[in-house]
Each structure stands twice: as structure tokens, then as C-alpha cells.
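Hi there,

Here is the structure I promised to pass on to you. Have a look at it first, and then read my notes below.

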Amino acid sequence: MSFSSNGVSWSAAEPYGTTKSWTLADGEGFRTAYVKYQDAAGNWTNEPISRGIVVDKTAPSRPTGVAASPSGNNRVNVSWTASTDATGVTGYTLYRDGQLLGTVTITGYTDQSVLPGHTYSYTVTARDAVGNVSPPSDLVTAAVPWGDSVPPTTTLALSPDPGAGWANQSVTVVLSSSDGTDGSGVRQISYSLDGWSTSNTYTQPFSVGEGVTTVSYRAEDNAGNLETSNTSPAIRVDLQPPSGTVAINGGATLTNSFGVSLSLSAEDTGSGVTHMRFSSDGSSWTTAESFAGSRSWTLPAGDGSHSVHLQLRDAAGNWSAGSISSAIVVDATPPTTPTGVTATSPDGVSVSVGWQASSDATGVTGYRVYRGGALLGESTSTGYTDNDVSSGNSYSYTVRSVDSAGNLSLPSVSAAIALATDAPVLDLAMTGNLVDPLPGETVRLQVTYRNNSATDAVDVTISCPLPDATTYVDGSATAGGVFDAGSGVVRWALSSVPVGATGHFYFEVTVD
Ligand SMILES: [Ca+2]
Ligand SMILES: [Ca+2]
Ligand SMILES: [Ca+2]
Ligand SMILES: [Ca+2]
């Protein structure tokens, strides 16, 4: 057999076969292949057998004018201008985001496999009847709308939730938002503390600490719908326990009573002091009670130092750590009773009371002296002088000692004294001319007596000293008067001078 592309020039004869590869004439357009056969006797086909075919090696023109536009929120319409080709365009192939989407024979395509809120890119190629494919068109994009006009709804949860009160630990804030089953979905939750001054993107639960805080929050969906801002209730957190002081009996260091008065002060950051409790040993506490500025308290039995411990609680439930304490010494034991009490009156016009010192564990600070059972006065020594006495009266004294804590001893054994009745006293006067005396002159002096007292005087001795710079004239005293040269006085002895009685004597002196 032999082949030809033009029926004129033939290929070299070759053995017969059922297939043959053959190259048509160059170029495009209608091309013909010829064949003729030879039999074993050498006879060739009379008329060559021919078959024609159109050769098209050129791709169609690149599609232009591509447009992609969303329709609703579930489809995108893609259209373009028809390509051209010498042998005819037989169809177009759509690609979305680089992936094969489909083929059409018209210049439009509806993509119904889109999702709301997504953006897609499209290209188109054209092909001809023999499969030549044009270069891809320009890339066009289409954003499919969400079809969502309802903002999301955000809720806030607190753990622990202090409600209208106070938490004594940090509060965890959990925000959760929903856009409903048909919504475009929550894109972002934003929040801010104490107003929208600073906006934070919520990614995980966060803590709110000490103080009073509000949380503002809102969400935005994927369609851009922004929720109206929500504001949490005030979140009150108080992590700090109260502090304070306790004073026993106004800060005294010593008392004689186990019943004491406590003065309390307290302060707190945050929720404020609400409760208090007490302890004698710092470990066993009274039931909590409402805080007050004062309270009565009974100390444990036994003299010595006793402490009062205080703890304070705030409205959030924080108890003060450790304890606030104060101490006081109790001395409930009186001093020993004074002994050896004596009452004496050496001068007859006052009474000296004396005694032996008492002793006491916290010290004796003084003594109280009683006369006839009534308090007379106090002394810090072991003696007391009673000047408020009168002759002829009897007095009885007792003494009690006092210690530093104010304890009073039992009364001592009493000491009594009786003051003697006063002796009557005579009024005396001496008269005589001693004005401008001349030396050697003798002067006569008169001594006058009178009993102006309330009792008769018996066994009376009247003594009269000589005036200065004079010398007694021997034997001059009348009525038995005697001059005592040793003491320089003239004396008269009278057995009795009744009340109201008066009399007089004389004696003479010479002027020196
Ligand atoms: Ca072509
Ligand atoms: Ca929505
Ligand atoms: Ca506090
Ligand atoms: Ca005592």
C-alpha cells in the first residue's frame, strides 16, 4: 500500500497493514489523506481512496467581559462575552477558586453551591470542537451576602455570683453569645470594664478583682450586626479583711474586777465591718455578733495578766487573720489588814493614829482612816494626825489599806482614846507704873486673877514672872506669895477659885 496527502506524490510502497500513522499537510483547514493498494499480482487500485478532515490547532479566543454577581444569599450568576474560534466554540468551563466548577455551552452559569457570607473567585475558559482550550479569563470575585439583619445575643455568667452583695474572692466572668440557628454566626464578643473606654476582644473567661466593677459587653455577627451594649450588675469584690483595735477598760493596765468593758474600733476596705467575735486564748471564739463600739466582757478567773482577743469580719465574709488583742492585769485580792493600830494624844489637842504597814502583790498605795466608822481621811504613810478632836471626848479609829487595783482591806482592829477634860484657866493681868522708870526706883505691881472658865478651879498655883530689868523686893509679895529666885517668878497657891471668882495680889520690884 502507499499513501499521499495530495493524490500526486505517494509514499513508497509498503506491506499491507490495518493501521497507519500519517502526517497531513502543514497548516490548518480541510486536509485529505489518500491510500492505494497493490495485490500480489502487482495491480494497483485504479482510483485512490481518499478521506478528508479539518485540522484546527488554534484555541478559541479568551473569554472577556466576565462578571460575577450574587443573587440573594445562595447563588452567584456568572456571565461573559462569547469567544470566537475558526471552527466554532463548542463550550465553556467554569473554575471557582481554582477548582473546576462545571461546563456550559452558553455564556452564563449559575453557581448554586455558594454559602452566605463567603467570597468566591471565578475564571472561564472556552474550547472548540477539537478540544483546544482558551487561556483563562480575568478573575472576578463575588461576595455572597449573609442575609442576616439580627444581631447576636450575649449573656454573662459570674462565678461565684455575689448578687447584690460582696464576694470575698475574685469573680470569674463568662460571656457566651448566640446568633440563632439561622444567623450568620458570632464573629466576636467585645467587653470593657467600667464603661467602653477600652474595648477588649473576649477569648476566654476573665477575672474581676478587688473593688466595684461593671462589665459592658456586646457581640457582632458575621453579617456585621452589632448587638446593643449590655452592662452587668455591679460586681463587688472585697479581698481584704478588716483591721481594728480593742482596749480593756479604756486602756487601763490594772483592774480589781473580772468584769471589764471593751472599747472597739474597726475599719475595712470595701464592704465594711459587720461582725466581731472574742476569745480569751486566741483559739476558742465566741459566736459572731454584730459589730459594736463597746461590749462588756468577763475575764477568766484568777489574778494575773489576762488577754482579750478580737477578730473582725466584713460584709464579704473576710475574717481578720490572727487576732487583735489587748491585756490587763487583774488584782482582785485585797491587801493585808493593817495591824498594831494605836491612838495617842501627847498634847491633848490632837490624836496621832499609827499602824503597821500592809502588804499586797500589786503594792499598797495608801490607807484610809475611819473614826467612829466614818471615813476621816487618807494617808500614804503609816500614820495620821486627827486635829479635829476636843478634850473630854473619846474616839475610836480603824484603818483599811488600799492596793494599786483599788482593793480595800478589811477594817483593822479599832484603837480608842479618851481625851482628858480641860483644866479651868484663870485670866491673869499685871498692872503697875513701869513707864519710864528711873534706875533704883521701887515699883509696886498688882496681879489680878479671875476664873472665867466653866468649872471651879482647885489647887491653883498662880505664877508671875518679874518684868525685865527688875529685882524682886524681898518679902514684898502679899497673901503668902513666894519668890522663886531659880525661875524668877512669884507664886501664890490657892485651894480654890470658884467660877466667876476674882482677886488680886501685890509685890514690889526695884528698877535695875
Ligand atoms: Ca480552533
Ligand atoms: Ca445575626
Ligand atoms: Ca474588706
Ligand atoms: Ca491586791
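Searching this predicted model from end to end turns up 14 aromatic pairs. In one of them, the rings of Tyr191 and Phe206 count as stacked, because their planes are at 10° and their centres 4.1 Å apart. Tyr191 belongs to strand E13 and Phe206 to strand E15, so this pair ties together parts that are 15 residues apart in sequence. Both Tyr191 and Phe206 are buried.

Another stacked pair is made by Tyr472 and Phe483, with 4.7 Å from centre to centre and 15° between the planes. Here strand E38, which holds Tyr472, is tied to strand E39, which holds Phe483. Are these two residues buried or exposed? Tyr472 is buried at a relative accessible area of 11%, while Phe483, at 25%, is partly exposed. Tyr472 and Phe483 also belong to a cluster linked by ring pairs, together with Tyr449, Trp492, Phe505 and Phe507.

Rings meet charges too: the charged end of Lys36 sits over the ring of Trp10, 4.3 Å from its centre, and Arg218 lies over the face of Trp196.

Next, the calcium ion (ligand 1). Its donors come from Asp56, Thr58, Asp85 and Asp128, at 2.2 to 2.5 Å. The six donor atoms subtend angles of 55 to 165°, so the arrangement is irregular. Asp56, in the loop between strands E3 and E4, and Asp128, in strand E9, are 72 residues apart. Asp56 is buried, with a relative accessible area of 9%, and Asp128 is buried as well, at 2%.

Finally, the chain is divided into domains, from domain 1 (1–55) to domain 6 (426–511). The centres of domain 2 and domain 4 are 88 Å apart.

Enjoy exploring!

Definitions and conventions
Residues are numbered from 1 along each chain as its sequence is written. Chains are lettered from A and ligands numbered from 1 in the order in which they are written. This is a predicted model: local features need pLDDT of at least 70, side-chain atom pairs count only at pLDDT 80 or more; totals for chains, interfaces and linings use all residues. Side-chain values use heavy atoms; hydrogens and water are left out. Domain bounds come from an automatic or database domain assignment. Donors are N, O and S atoms within 2.8 Å of the metal (3.2 Å for Na, K and Ca); water is not among the atoms, so sites may look incomplete. Four donors count as tetrahedral if all angles lie between 85 and 135 degrees; four count as square planar and six as octahedral if opposite donors are over 155 degrees apart and all others between 65 and 115; anything else is irregular. Helices (H or I, at least four residues) and strands (E, at least two) are DSSP runs, numbered from the N terminus. Buried means under 20% relative accessible area, exposed over 50%, partly exposed in between (1.4 Å probe, protein chains only). Rings of Phe, Tyr and Trp (its six-membered ring) pair if their centres lie within 6.5 Å; planes under 30 degrees apart count as stacked, over 60 as edge-to-face and the rest as tilted. A charge sits over a ring if NZ of Lys or CZ of Arg is within 6 Å of the ring centre and within 35 degrees of the ring normal.
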